[in-house]
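Biologist: I'd like to learn how to read pockets and a helix in a model. Can we go through them one by one?

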Amino acid sequence: MELQVGVKILLKNKEEKHLLIKRSPEKYPEVGARWDIVGGRINPGSTLVENLKREIKEETDLDLEAEPKLVAAQDILRVPGRHVVRLTYVGTINGEPKLDRDHTEFKWFTIEEMKILENLDIYFKELLDNGVIL
């Protein structure tokens with residue numbers, strides 16, 4: 001079994017809205033066009049925060065403004081042959097994203113809007129439903 005670690009971050013702007021990006025169904029056919037937070041797999045040898053900063057830059061062309069806060073660790077065991085651990089952070093950014101090719105759109109949401117959003121990433125939704133993300 002292969003172990004993988006992913007880092008994700010819920011980014012908030014100065015207007016207290018949170019960034020979600022929609023996955024490209026071509027890039028992610030196994031999950032489809034779902035709304036998700038920024039992030040991805042880590043590159044071994046780099047710190048978790050370095051990996052977060054890289055993912056933010058790759059996916060949105062923005063820079064993390066302050067030290068992020070770790071809010072959750074989840075075991076994601078639904079991929080055959082792999083055990084994926086997902087670490088979720090919260091942090092702040094400034095500016096409007098310029099998306100990479102792996103995502104089709106972005107939008108700023110309140111927490112309340114995210115809670116009722118359809119097509120939300122199931123692991124992020126679990127954090128919202130359990131009150132981890134307030």
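Modeller: On a 1 Å grid over the protein atoms alone, a pocket is an open set of points where a 1.4 Å probe fits, with protein on both sides within 12 Å along at least five of seven lines; lining residues have an atom within 4 Å of a point. Volume is the space filled by probe spheres set on the points. This is a predicted model, where local features need pLDDT of at least 70 and side-chain atom pairs 80 or more, while totals for linings use all residues. Residues are numbered from 1 along each chain.

Biologist: What volume does the largest pocket have?

Modeller: About 700 Å³. Its lining has 29 residues, and Lys-8, Arg-23, Tyr-28, Glu-30 and Arg-41 are the closest to the centre. By class, 16 are charged, nine nonpolar and four polar, with Gly counted as polar.

Biologist: And which residues line the second largest pocket?

Modeller: Among them are Leu-10, His-18, Val-71, Val-90 and Ile-133. That pocket has a volume of about 190 Å³, and its lining has seven nonpolar, three polar and two charged residues.

Biologist: Now helix H3: which of its residues are buried?

Modeller: Helices are DSSP runs (H or I, at least four residues), and buried means under 20% relative accessible area with a 1.4 Å probe, protein chains only. In H3, Tyr-123, Phe-124, Leu-127 and Leu-128 are buried. Seen down the axis, they fall within an arc of 145 degrees (taken from the directions from the axis to the C-beta atoms), so they line one face of the helix.

Biologist: What caps the N-terminal end of H3?

Modeller: Asp-121 does, with a side-chain oxygen 3.1 Å from the backbone nitrogen of Tyr-123. Just after H3, Gly-131 takes a positive phi of about 75 degrees.

Conventions. Side-chain values use heavy atoms; hydrogens and water are left out. Buried means under 20% relative accessible area, exposed over 50%, partly exposed in between (1.4 Å probe, protein chains only). Helices (H or I, at least four residues) and strands (E, at least two) are DSSP runs, numbered from the N terminus. A polar contact is a pair of N or O atoms within 3.5 Å; within protein, one must be able to donate a hydrogen and the other to accept it, and residues adjacent in sequence count only if both atoms are side-chain atoms.
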